[in-house]
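Okay, thanks for coming, everyone. Let me put the model up on the screen and then walk you through it.

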Amino acid sequence: MVSFESLDVKKIGHGCTGFGAVLIVVGLLFFEKHFLIKGNILIFLGVALTIGVKSTLQLFLKRQNFKGSVSFAIGLFLVSIGWPIIGMILECYGFVVVFSSWPGLLAYLRKLPVVGWIFWQPSVSSFFQPYKMGGRRVPI
């Protein structure tokens with residue numbers, strides 16, 4: 001029973017991440033800060049539900065990811081006070097810094113609903129090839 005429950009939580013996490021990505025795209029199209037904030041919260045919640053709260057905290061609080069975590073938090077704050085362009089630039093930088101050390105990023109993106117099929121395309125997969133970590137494991 002435990003494995004079925006954990007699979008359901010992961011499915012909910014994938015759904016939250018996918019829906020958060022859709023909200024961020026809509027927010028970027030219309031420069032609407034409410035969509036951007038809700039999308040960011042759903043993405044963070046989706047990652048936490050997918051890989052677990054402890055692993056999420058380890059991912060964001062690692063020493064090498066500190067700059068990314070801080071810039072992501074400052075970007076979220078800037079979006080919430082009404083500066084969506086600068087805030088999203090900082091959030092994108094933070095997202096890249098935090099998740100660039102995660103070897104399972106491509107596998108995670110492929111499982112997302114709605115947009116996951118994009119990451120199965122050969123041109124997109126080849127983009128992620130330089131970022132593969134050669135056997136180095138991350139505690140996730």
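Accessible areas here come from the Shrake-Rupley method with a 1.4 Å probe, and for residues only the protein chains shown count as cover. On that basis, the protein chain exposes about 8,800 Å², with carbon and sulfur atoms supplying 74% of it.

Quick housekeeping. This is a predicted model, where local features need pLDDT of at least 70 and side-chain atom pairs count only at pLDDT 80 or more, while totals for chains, interfaces and linings use all residues. Residues are numbered from 1 along each chain as its sequence is written, and side-chain values use heavy atoms, with hydrogens and water left out.

So, what's the secondary structure? Seven helices and zero strands, taking helices as DSSP runs of H or I with at least four residues and strands as E runs with at least two, numbered from the N terminus. Of the 140 residues in the protein chain, 38% are buried; buried means under 20% relative accessible area, exposed over 50%, and partly exposed in between, with a 1.4 Å probe and protein chains only. As for contacts, meaning heavy atoms within 4.5 Å, residues 24 or more positions apart account for 57% of those with a separation of 6 or more.

Now, α4. Helix α4 covers residues 66–80, and its 15 residues should span 21 Å at 1.5 Å a residue; the end C-alpha atoms are 21 Å apart, so that agrees. The expected span is 1.5 Å times one less than the number of residues. Buried residues in α4 include Gly68, Ser71, Phe72 and Leu78, and the buried ones pack against α2 (33–51), α3 (53–61) and α5 (84–99). After α4 comes Gly82, with a positive phi near 110°.

On to the cores: sets of buried Ala, Val, Leu, Ile, Met, Phe, Trp, Tyr and Cys residues joined through side-chain atoms within 4.5 Å. The largest nonpolar core has 10 residues, among them Val47, Leu59, Phe60 and Phe119. Helices α2, α3, α5 and α6 (105–110) each supply at least two of its residues. There's a second, separate core of six residues, including Ile24 and Val79.

Last bit, aromatics. Rings of Phe, Tyr and Trp (its six-membered ring) pair if their centres lie within 6.5 Å; planes under 30 degrees apart are stacked, over 60 edge-to-face, the rest tilted. The whole structure has two such pairs. Phe60 and Phe72 make a tilted one, 6.5 Å centre to centre with 50° between the planes. Phe60 sits in α3 and Phe72 in α4, so the pair ties together parts 12 residues apart in sequence. Together with Phe44, they form one aromatic cluster.
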